[in-house]
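I opened the model to look up strands, helices and rings. My notes follow.

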Amino acid sequence: MLMRKDIMLCFGFFLLSMQVMAQTRIVSGKISDTQGKAIPGASIVVKGTTNGTLSANDGSFTLSVPENATSLLVSNIGMGEKEISLTDASSYNIILTTVTKNDLQEVVVVGYGTQRRANVTASISTVKAAEIENKPFTSVDQMLQGKVAGLQAPLSTGQPGAAQPIRIRGIGSVSAGASPLYVVDGIIVNFGDLSRLSTTSNALSGLNQNDIESVNVLKDAQATSIYGSRGSNGVIVITTKKGRAGKTKYRADVEMGVNSLAPLPDNAHFLNAEEYLMLQEEGLINRGATQAQIDATLAALGKGSGVDTDWMDLVQRNGVQQQYNLSASGGDAKNQFYVSGGYFKQQAAVIPAEFKRYSLRTNYKHISSDKLNFNIILNASHSYQNTPLNGGLFASPISAVAWLRPTMNPYNADGSLNISTTGGSNFNNGAYNPLYIAKYDKNDLNRTLLQGNISAEYAILKGLRFTSRYGVDYNQMEEYNYYNQFHGDGPSQGGIGLAYYTRYFNWIATNQLDYNTSFGSDGLLRLDAKLGYEAQKSKNYNINARADGFPPNSDLYLSVNAATPKAGAASASDYDFAGLYSAITFNFDDKYILSGSFRRDGSSRFSDNTKYGNFWSVGGAWNINKEDFFAALSFVNSLKLRASYGKTGNASLGDYAWRQTYGFGFNYNGQPGGTFNVVGNENLTWESTNQADIGMDASFLNDRISIVVDVYRRVSDRLLFSQPLSRTTGFTSFTNNIGKLENKGIEFTLNATPLRTKDFSWDLSFNITHNKNKVLKLPDGKDIVDGAFILREGYDYRTFYVREWAGVDPANGDPLWYVDGSHEETTNNYNSAQRQLIGSASPKYFGGLTNSFSFKGFTLAADLVYNYGNRVRDGWIFYLADGAYPPFNKYRINLQRWQKPGDVTDVPKYVYGSTNSSSSFSTRFLNKGDFIKLRNVTISYDLNSSLISRIGLNSARFYVRGTNLLTKTYDNNLTIDPEQGINGASNQDIYYTRSVTAGLNIGF
């Protein structure tokens, strides 16, 4: 057990007395621009404190200030910050002037704090609220693709509420986790797929994206090393909306629409009845069958039934897409709040997949004095998810489309669902009627999320501040799968009921000192430092139960109705982290910035031998535009060079991976039995990553153009691999730190306003990333064959290892493969061809392009995402190409088959029940993964403010949005969507969704 004394410190500071209260007085005034026009929403803050307010619609403000206060800081978006000296006067008229973007000194979120963008030495990208609000996605991580250079986030399924794979600057681990760390309002949270029965789920889907203020992606070591042992794969910091002093503001959002099937490649569609029977007849002839055999086989396949079923059409639907959100924010000089409630519903375009979420959030801040304030943040949500099976399982609706013949009728003559096991509509050949499964089976996940923190901030001395925070991240999941007793996976057991209960209770306590000061009479040298201690514990508790034998009534599907309890078990696990962290920044005249951080982490996931590790970074920046000689370059507004280097860790492995464990369940003669089941490794330690980054930030032409360029190299060392053991030990291998992996690349981001007039503006944002991955070290330097991939030193981690397709023999239609990599000899024997290293699932380039055009209240915005240079494969095409499995339907690409001598094609002769391995995995089924997708298109109109003010509204915006509207591919042989996740393989997941929605946002 790691130390917990920090909890007592945390609550001790919450109970600090109010003796620091100072006497106050009231000041008021009005904020206006140089034209005399009132400025609403301007920020007025007492300098050196967090005590402040916002100006009202007429620019007026009232603020309680301490007697010893000397000045106010007044600012507004698009306006300069102005310092107003306080005198004996009680009223002040303040004029703000418009400034360029570069003078705004944007504040960004960094590890355990914030910092002005100009002084950041790290590589950090920010996605703001406007880019993620009201999007038809269930979780914020699904909205990041194409928004951040270096971040790869391909969709892997169309299932609502699905886990989203994300990689930042390549793949940094082979056996441990490779996903970034997620931090929500300062709390490190559990993330990913926490479910155990469902096909996929996403812990982040409990967050309402409309409550999010910003998402900051921390990429290099200088940004992530302060998170120490968990920073190797990048950090995603999510900050939610807060209240500000001023008149209470309300916002209501309504969106409704429909989801349909996103475009699929032509070859991804299946044959109709006529085409299917024609192909099977030809295959029987090529096999040498007699006419009697042909007639009997075709009759068994449904010839003459008159049935022609389009199963893809039957399993798809126009799903409902809708969300409703209502929020309020405001407060006064002492109390500021944000509260919101939301409802989100998404039905996939495939039955019966759907997701629903109810959410409630409250963020509250109380300013007790100019020294002490409290914050309370709470997010509560409940979600429901229906997640059909995938991966070729017969109860999957996507598998049904492939496994069922078009000659099979889904309905009986009386209109009831057909589950016959005899005749031409036989559903007993390994495939089920998906309409019946969707209606009577259950694949339900109910999830409750409670997430929040309470914190206190106390100004001990001038420039010295103490913050104590305690946070909780609670996930509770109730999963129930029911396989009915009449059709599908359940009849042989009389129906099956599986009930799983999963609970994650994660708490984290943080105590931090922040100190800032300046040196010298001119104050040009500034110091910012922080020192903190953090402890975290996460507990997982599971209950599993199964019962078989249900009454002959599908309405009685809960397992309490079952006759035979089969299994019941409870299990638990936990992990602890504790870390002491620090960071320091020296800033001279905003020209030269030097920063560094250090963290020492301890974790229960390692033995006493290796429990603690040290992680660090150094970074520097030079704001060249601050130099005197730079004034001559009037067209360049800002220019900064950055460089950093540091070490981070990766502890994403099993809670007890290092331990020698003894497990039970090996029972004998009714008595419990146990045995050693994990050999363990007491010297197992963190995977570590050393990363170097050189970057440049620049803006030109009055900030109309800005660019960010980063070049990086990250080397991940001590990677976890299985190391062979003598079988005399009773084990074949153990986990050890013996691998090394490299990612290096370049990121480029461009933001520009090519055209701006009084009534029209055009803004664009473009980013591109080139990343190259290479395996540097493997156990004993030996290759590791991993299914379709091979790990070999000097090659990409996701390199395909596959036989090379040589085409079809024009003389006889036989499949051909190259014997070896010389391409000098071919063979029609699959096993005689040597496997080669061909391509990778990792893209060479990826990124996004956003264009926004505005004209007199109308705005057209379009997001494109693209991917180039990788290979993808259809994981189930073995059954759906050629004749090895003739009862199943076939892709339309089979119509391009060889039919007679002289035919030139890439599809072999179709032979019924073929054994020539023509559909086995080879480069024939390794397709280009290149694509360009029109991810989002939005047309909106902002109603005239003078018009809506008459009905009491501050703002009103109407929009129509389309998602996943178009896909441009670059391989004519694709049978799948080329966007296929990190490993580049399809698994008969729910098809991607195209959404068309209309929405209204109003503020009052």
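In which sense do strand E13 and strand E16 pair, and over how many bridges? I found that E13 (residues 181–184) and E16 (residues 235–240) pair in the parallel sense over 4 bridges. Strands count as paired if DSSP finds at least two bridges between them. I looked up one partner: Leu181 is bridged to Val235 in E16.

I noted the ground rules next. The model is predicted, so to speak of local features I need pLDDT of at least 70, side-chain atom pairs count only at pLDDT 80 or more, and totals for chains, interfaces and linings use all residues. Residues are numbered from 1 along each chain as its sequence is written, and side-chain values use heavy atoms, with hydrogens and water left out. Element names come from DSSP runs numbered from the N terminus: helices (H or I) have at least four residues, strands (E) at least two.

**Sheets**

I traced the sheet that holds E13 and E16. It is open, has 5 strands in the order E10-E15-E16-E13-E14, and its pairing is mixed.

I then traced a sheet of 4 strands. It is also open, runs E3-E2-E5-E6, and pairs in the antiparallel sense. E3 (52–54) and E6 (82–85) are the edge strands, with pairing on one side only. From one strand to the next, the twist averages 20°. I checked E2 (residues 43–46) against E3: they pair antiparallel over 3 bridges. Ser43 has Leu54 of E3 as its bridge partner.

**Helix pair**

I turned to H3 (residues 273–287) and H4 (residues 291–300). They pack at an angle of about 150°, with axes 10 Å apart. The axes are lines fitted to C-alpha atoms over the stretch in contact, and angles run from 0 to 180 degrees between N-to-C directions. H3 is therefore roughly antiparallel to H4 (under 35 degrees is roughly parallel, over 145 roughly antiparallel, 65 to 115 roughly perpendicular, the rest oblique). I listed the contact residues (heavy atoms within 4.5 Å). H3 supplies Leu277, Gln280, Glu281, Leu284 and Ile285; H4 supplies Ile294, Thr297 and Leu298.

**Rings**

I counted 38 aromatic pairs in the structure. Rings of Phe, Tyr and Trp (its six-membered ring) pair if their centres lie within 6.5 Å; planes under 30 degrees apart are stacked, over 60 edge-to-face, the rest tilted. Tyr436 and Tyr440 have ring centres 4.5 Å apart and planes at 45°, so this pair is tilted. Both lie in H7 (residues 434–440), 4 residues apart, about one turn of the helix.
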